Amino acid sequence: MKRIFWMMLLLAAFAGGEAQAQRCLPGMKSLELRGGTVDGIDIGKAWYAGAALSVYARRASRWVFGAEYLHKNYAYATWSVPKEQFTAEGGYALCLLSDRSKSFLLSAGGAAMLGYERSNRGEKLLPDGARLLNGDVFLYGGAATLEAEVYLGDRIVLAASVRERVLWGSSIGKVHTQIGIALKFIFD
């Protein structure tokens, strides 16, 4: 009995360090909720929100599949004319830098995007009788992203990103810069 007590005490002494969870293993999945500002404009006039599913690959890199909504208001006389983009994406994010415990990661990625753009919620006629020339269109293109992630816990990640979207077919400009934050929940 005395021998078991001393072995348990010795084991407890050597196991007293902090345990780290395994992070970014191949096959792990995360759900991401993201949002931010567009083109450096006030968030009340131009913003985006989205969700994505990430599946981790080797070396903390990951496949990303998501959807986004982008809203931008344009001033016309005393009114505001809204433009909206609904997009879906699929891409890959390569881990460029991480610390040993994978508590901080820096990633760069690219994605192919498809979507739909709507002007003035589908209404061609403005309140003063003017008619919009731009109609609703389909979009295609891609995005390049630089993202920094910090683990808040073993299954919760806070990320900040800068993203450059290039979409052809758009009447509000082909290139948009997004700056935002995301909250990721790792569930597998």
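## Basis of the description

Contact, as the word is used here, means heavy atoms within 4.5 Å. The model is a predicted one, in which local features need pLDDT of at least 70 and side-chain atom pairs count only at pLDDT 80 or more, while totals for chains, interfaces and linings use all residues. Residues are numbered from 1 along each chain as its sequence is written, and side-chain values use heavy atoms, with hydrogens and water left out.

## Overall architecture

The secondary structure of the chain comes to 1 helix and 8 strands, where helices (H or I, at least four residues) and strands (E, at least two) are DSSP runs numbered from the N terminus. Along the sequence these elements follow the pattern α-β-β-β-β-β-β-β-β. The strands form a closed barrel of 8, in the order β1-β2-β3-β4-β5-β6-β7-β8, with antiparallel pairing; two strands are taken to pair if DSSP finds at least two bridges between them. Neighbouring strands of this sheet are turned by 25° against each other on average, direction ignored, the axes being lines fitted to C-alpha atoms (for helices over the stretch in contact) and angles running from 0 to 180 degrees between N-to-C directions.

Of the 188 residues of the chain, 36% count as buried, a class that means under 20% relative accessible area, with exposed over 50% and partly exposed in between (1.4 Å probe, protein chains only). The accessible surface of the chain comes to about 10,900 Å², of which 67% belongs to carbon and sulfur atoms; such areas come from the Shrake-Rupley method with a 1.4 Å probe, and for residues only the protein chains shown count as cover. Among contacts in the chain with a separation of 6 or more, 57% are accounted for by residues 24 or more positions apart.

## Strand β7 and its partners

Strand β7 (residues 156-168) is joined to strand β6 (residues 137-151) by 12 bridges, and the two run antiparallel, forming a hairpin with 4 residues between them. Within this pairing, Gly-141 stands opposite Leu-167 in β7. The hairpin of β7 and β8 has 6 residues between the strands, and in it Gly-169 takes a positive phi near 100°.

In a regular strand the side chains alternate between the two faces of the sheet.

## Where β1 meets β8

Strand β1 is joined to strand β8 (residues 175-186) by 9 bridges, again in an antiparallel arrangement.

Arg-23 lies in the loop between α1 and β1 and is buried, with a relative accessible area of 11%. The side chain of Arg-23 makes a polar contact with the side chain of Asp-154 at 3.1 Å; a polar contact is a pair of N or O atoms within 3.5 Å, of which, within protein, one must be able to donate a hydrogen and the other to accept it, and residues adjacent in sequence count only if both atoms are side-chain atoms. Leaving aside residues up to four places away in sequence, Arg-23 touches Met-28, Ser-101, Lys-102, Ser-103, Tyr-151, Gly-153 and Asp-154.

Most residues other than glycine have a negative phi. Cys-24, in the loop between α1 (2-14) and β1 (29-38), has a positive phi near 60° and counts as buried at 5% relative accessibility. Lys-102, one of the residues that Arg-23 touches, lies in the loop between β4 (79-98) and β5 (104-119); Lys-102 also has a positive phi, of about 60°, but counts as partly exposed at 24% relative accessibility.

## Cysteines

A search of the whole structure finds 0 disulfides, a disulfide being a pair of cysteine sulfur atoms within 2.5 Å. The sulfur of Cys-24 has its closest cysteine sulfur in Cys-95, and because the separation is 7.1 Å, the two are too far apart for a bond.

Cys-95 lies in strand β4 and counts as buried at 17% relative accessibility. Apart from residues up to four places away in sequence, Cys-95 touches Arg-59, Ala-60, Ser-61, Leu-105, Leu-106 and Ser-107. The C-alpha atoms of Cys-95 and Glu-147, 52 residues apart along the chain, are separated by 9.4 Å.
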